[in-house]
Amino acid sequence: MTNKTTRKFRPATQLVRAGTQRSSFAEMSEALFLTQGFLYPTAEAAEARFNGEDPGFIYSRYANPTTDMFEKRMCALEGAEEGRATTSGMAAVAAAILCQVQAGDHVISARAVFGSCRYIIDTILPRYGVEISIIDGSDIENWKAAVRPNTKVMFLESPSNPTLEIIDIAAVAQVANEVGAKLIVDNVFATPLYQKPLELGAHIVVYSTTKHIDGQGRCLGGIVLGDREWIEGTLQDYFRHTGPGMSPFNAWIMLKGLETLSVRVRQMTQAAGAVADFLAGKPGIRRVIYPGRADHPQADVIARQMTGGSTMIAVELEGGKEAAFKFENALELFSITNNLGDTRSMITHPATTTHKSLTDEARAEQGITDGLLRISVGLEDTDDLLEDVEEALKTLRS
């Protein structure tokens with residue numbers, strides 16, 4: 001913003017203005033600093049920089065002016081004290097967990113998470129002696145029952161990928177606080193516009209900024225957000241020495257994406273609600289899961305912790321994989337791809353793509369059937385999307 005005011009601005013303003021730093025040229029758009037390193041006027045200045053006595057930049061693997069602007073803008077939007085931008089969403093999840101656990105620690109995770117997140121939890125962590133518990137996170141009693149004396153981290157997605165399961169973040173945060181554990185929330189599906197995990201008591205928030213924040217299919221990114229003490233005292237050394245930092249170019253793209261985030265997400269959410277309502281009750285449709293509908297299984301929790309629906313829909317078709325594939329292939333405006341949160345509408349069959357690595361049992365536990373499809377609604381005309389869906393539904397009856 002500027003130094004002229006101490007006012008707290010609303011999200012749409014923060015998305016355009018927060019964190020901006022101008023060079024001596026006073027450029028209007030954020031500058032893109034494509035540099036690996038930075039100069040020091042003297043040897044003494046270099047020593048002071050490395051000692052932490054001088055707050056300037058050292059090396060772009062640690063921090064960069066463009067990346068710093070993106071981190072500061074995300075902090076303003078999220079209500080976080082500090083953040084570290086990463087190469088991808090999975091780099092953010094891995095860094096947030098691995099920086100704070102060691103052999104003998106215990107991690108609890110909700111079972112309804114993205115396939116790669118599940119791989120970190122139940123494959124990577126046990127290799128290094130970290131104990132794990134994977135639970136049905138929708139029931140708070142399961143979190144309480146899973147706690148052990150060595151519980152260090154709790155991890156969840158809400159809404160989850162791909163079944164849009166909602167978890168009571170405030171209730172889980174209370175359990176974490178009682179045992180001194182850190183709660184990490186993946187907030188991608190809600191976006192920072194519709195849900196504020198830190199305000200609900202979470203300690204750390206992660207995003208794949210590849211999704212809504214870029215939202216235009218251009219580049220990868222992620223970010224970890226939290227309080228200054230944890231970021232600087234726990235995450236920073238891991239981040240600095242393992243090198244998952246976002247490139248300055250991608251940070252610049254993310255800054256441009258943030259400027260239109262509220263406009264894009266609002267329109268996409270309205271369209272998603274219309275598509276979800278249109279699908280509900282149609283012949284061949286077994287169930288529709290959408291956070292903006294009153295029939296969502298956790299509608300009461302949504303009312304407490306979210307201020308909007310989602311750009312995402314989960315729909316289960318009767319007829320399993322054959323029907324799901326037939327419906328996908330009949331669509332013209334929904335691209336078959338594993339990304340989401342884009343300006344273009346997309347559709348995915350999780351059982352054979354994003355969650356293929358899970359066991360049959362793990363997919364069944366999450367409700368990922370062969371007939372389930374994940375839909376990401378974009379910015380096309382809503383009536384065109386509805387007509388496209390209607391035509392695809394006709395193929396199920398042919």
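A salt bridge here is a side-chain nitrogen of Lys or Arg within 4 Å of a carboxyl oxygen of Asp or Glu. Arg304 and Asp168 form one, with their closest N and O atoms 2.7 Å apart.

Before going further, a word on the model. It is predicted, so local features need pLDDT of at least 70 and side-chain atom pairs count only at pLDDT 80 or more, while totals for chains, interfaces and linings use all residues. Residues are numbered from 1 along each chain as its sequence is written, and side-chain values use heavy atoms, with hydrogens and water left out.

**Overall form**

The protein chain holds 16 helices and twelve strands; helices (H or I, at least four residues) and strands (E, at least two) are DSSP runs, numbered from the N terminus. Its C-alpha trace spans about 75 × 50 × 35 Å along the principal axes. The radius of gyration is taken over C-alpha atoms, and the globule rule is 2.2 Å times the number of residues to the power 0.38. For 398 residues a compact globule would come near 21 Å, so the 22 Å of the protein chain agrees.

The domain assignment gives domain 1 (11-257) and domain 2 (261-395), with bounds that come from an automatic or database domain assignment. Their C-alpha centres lie 27 Å apart. In the contact (heavy atoms within 4.5 Å), 40 residues come from domain 1 and 43 residues from domain 2.

Together the domains bury about 3200 Å², with 59% of it on carbon and sulfur atoms. Buried area means the accessible area (1.4 Å probe) that two parts lose on being put together, summed over both.

Between domain 1 and domain 2 the count is one salt bridge. There are also 23 residue pairs in polar contact between the two domains, both residues at pLDDT 80 or more. A polar contact is a pair of N or O atoms within 3.5 Å; within protein, one must be able to donate a hydrogen and the other to accept it, and residues adjacent in sequence count only if both atoms are side-chain atoms.

On the side of domain 1 that touches domain 2, α1 (11-17), α5 (115-127), α7 (169-179), α8 (191-194) and α9 (210-214) each supply at least two residues. Helix α9 gives the most, with five residues. The residues of this side divide into 21 nonpolar, 13 polar and six charged, where Ala, Val, Leu, Ile, Met, Phe, Trp, Tyr, Cys and Pro count as nonpolar, Asp, Glu, Lys and Arg as charged, and the others, Gly among them, as polar.

**Links around the α1–α2 loop**

By the salt-bridge rule the count comes to 21 salt bridges. One of them joins the side chains of Glu30 and Lys256 at 2.8 Å, N to O. This pair links distant parts of the chain, 226 residues apart: Glu30 is in the loop between α1 and α2 (43-50), and Lys256 is in helix α11 (residues 248-259).

Thr20 also lies in the loop between α1 and α2. A polar atom of its side chain lies 3.0 Å from the backbone oxygen of Arg17, and the side chain of Thr20 makes a polar contact with the side chain of Arg73 at 2.9 Å.

Most residues other than glycine have a negative phi, and most peptide bonds are trans. Here are the exceptions to look at in this loop.

| Site | Backbone feature |
|---|---|
| Ser158 to Pro159 | cis, omega near -5° |
| Asn161 to Pro162 | cis, omega near 10° |
| Leu164 | positive phi of about 55° |

Pro159 is found in the loop between β4 (151-157) and α7. Pro162 lies in the loop between β4 and α7, and Leu164 has its place in the loop between β4 and α7 as well.
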